[in-house]
Amino acid sequence: MPDLDSSVLILALLTSLVTVAVSMTAAALRAAQLGVVAVVDVAWGAGFVAVALVSGVIGLLVSDALTTWRTVLLMVLVAVWGGRLAWHVRSRAVGEHQGKEDPRYAEMLGGSLAEVGMGTAVRRVFLVQGFAQWFVSLPVVIGAVVGATWWPVVVLGVVVWGVGLYFEAVGDRQLREYKARPREERPNVMDEGLWGLTRHPNYFGDACVWWGLWLAGGLASGWLLGLVTVLCPVAMTFFLRNVTGARLLEKKMSQRDGWDEYAARVPMFAPRPLGRP
């Protein structure tokens, strides 16, 4: 493992925590203004970008030339992913949802924001997602200020990140095109393109992105930092599959005609041939 300046690492960790707190506070204030909790989804992608940029600036101030290369790389990878996600979520909120609450959050909270109150939303959504955002971002924060030990692992991480971005971005585009078709001309269940390989290509891609960032930022920094941060992509994958993502969405989708046949044929998360129904 490369030389580690603990004071710089602590500064990066604390600064990233403050960045997340500011981002989620701004999102909560905006949610109170608009009356919808789904604002947090925009802050999710944008907040990661902010954390990467702040950590990257710290890293650039203290890094040598070789470490600077990876710091900039991590900043770019997170900015591309997070910027695309924030834009996509905002466009969907304004267009498809027409500024109304995302049904996932209404179910999670047990009612609308007006019914449950802002305090409940802060405890159940903004605090939880804020902590999760900071925790998941740790490989990026650490990688931005610590030198790389294994450069081949950085390259592998970029490849995994690229696969994830492809699944997420293409999956989102295919779903958007499906929803734009007249209802009578489209199947009840989207099973075309990547959606014929996995029932949630966007969530699977999201998970791959963060496994890639863990490889490039965490494991590439040495086995110890890789071991310390491996729970970060594990946690992201668990929440995407079992908590706020796929599992929650399928409660609604399973009511559609043809869903049972689709679910029996197509894996829930890992695509064929990696996954099985």
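Ser55 is buried, because its relative accessibility is 0% (buried means under 20% relative accessible area, exposed over 50%, and partly exposed in between, with a 1.4 Å probe and protein chains only). Ser55 sits in helix 2 (residues 39-62); helices here are DSSP runs of H or I with at least four residues, numbered from the N terminus. Leaving out residues up to four places away in sequence, Ser55 touches Ala12, Ser16, Val141, Ala144 and Val145, where contact means heavy atoms within 4.5 Å.

This is a predicted model, in which local features need pLDDT of at least 70 and side-chain atom pairs count only at pLDDT 80 or more, while totals for chains, interfaces and linings use all residues. Residues are numbered from 1 along each chain as its sequence is written, and side-chain values use heavy atoms, with hydrogens and water left out.

**Confidence**
- The protein has a mean pLDDT of 88, with 93% of its residues at 70 or more; pLDDT is the predictor's confidence in each residue, from 0 to 100.
- Helix 9 (residues 201-218) has the highest confidence, at a mean of 97, and helix 4 (residues 103-109) the lowest, at 75.

**Helix 1**
- The end C-alpha atoms of helix 1 (residues 6-34) are 42 Å apart, which agrees with the 42 Å that its 29 residues should span at 1.5 Å a residue; the expected span is 1.5 Å times one less than the number of residues.
- Its buried residues include Ala12 and Ser16, two of the contacts of Ser55.
- The buried residues of helix 1 pack against helix 2, helix 5 (113-116), helix 6 (118-136) and helix 7 (138-145).
- Gly35 follows helix 1 and has a positive phi, near 80 degrees.

**Nonpolar cores**
- The largest nonpolar core has 37 residues, and those touching the most other members are Trp44, Phe48, Trp81, Trp161, Trp210, Leu213 and Met236. Such a core is a set of buried Ala, Val, Leu, Ile, Met, Phe, Trp, Tyr and Cys residues joined through side-chain atoms within 4.5 Å.
- Helix 9 gives the most to this core, with 10 residues.
- A second, separate core of 31 residues includes Val20, Ile58, Val146 and Leu225.
- Trp210 touches Phe48, Trp81, Val136, Ser137, Val140, Pro233 and Met236, not counting residues up to four places away in sequence.

**Charged residues**
- The whole structure holds 7 salt bridges, each a side-chain nitrogen of Lys or Arg within 4 Å of a carboxyl oxygen of Asp or Glu.
- Arg84 and Glu168 form one at 3.7 Å, N to O. Arg84 lies in helix 3 and Glu168 in helix 8, so this pair ties together parts 84 residues apart in sequence.
- Glu168 is buried, with a relative accessible area of 2%, whereas Arg84 is partly exposed at 22%.
- Asp206, in helix 9, is buried yet has no salt bridge; Arg84 is the nearest side chain of opposite charge, 7.3 Å away. Lys and Arg count as positive and Asp and Glu as negative, with His and the chain ends not counted.
- Glu177 and Arg173 meet in a salt bridge at 3.1 Å, N to O; they are 4 residues apart in helix 8, and so separated by about one helical turn.
- Arg265 and Glu261 also meet in a salt bridge, at 2.8 Å, N to O, and are 4 residues apart in helix 13 (residues 259-265).

How values were computed. Helix = DSSP H or I, 4+ residues; strand = E, 2+ residues; numbered from the N terminus.
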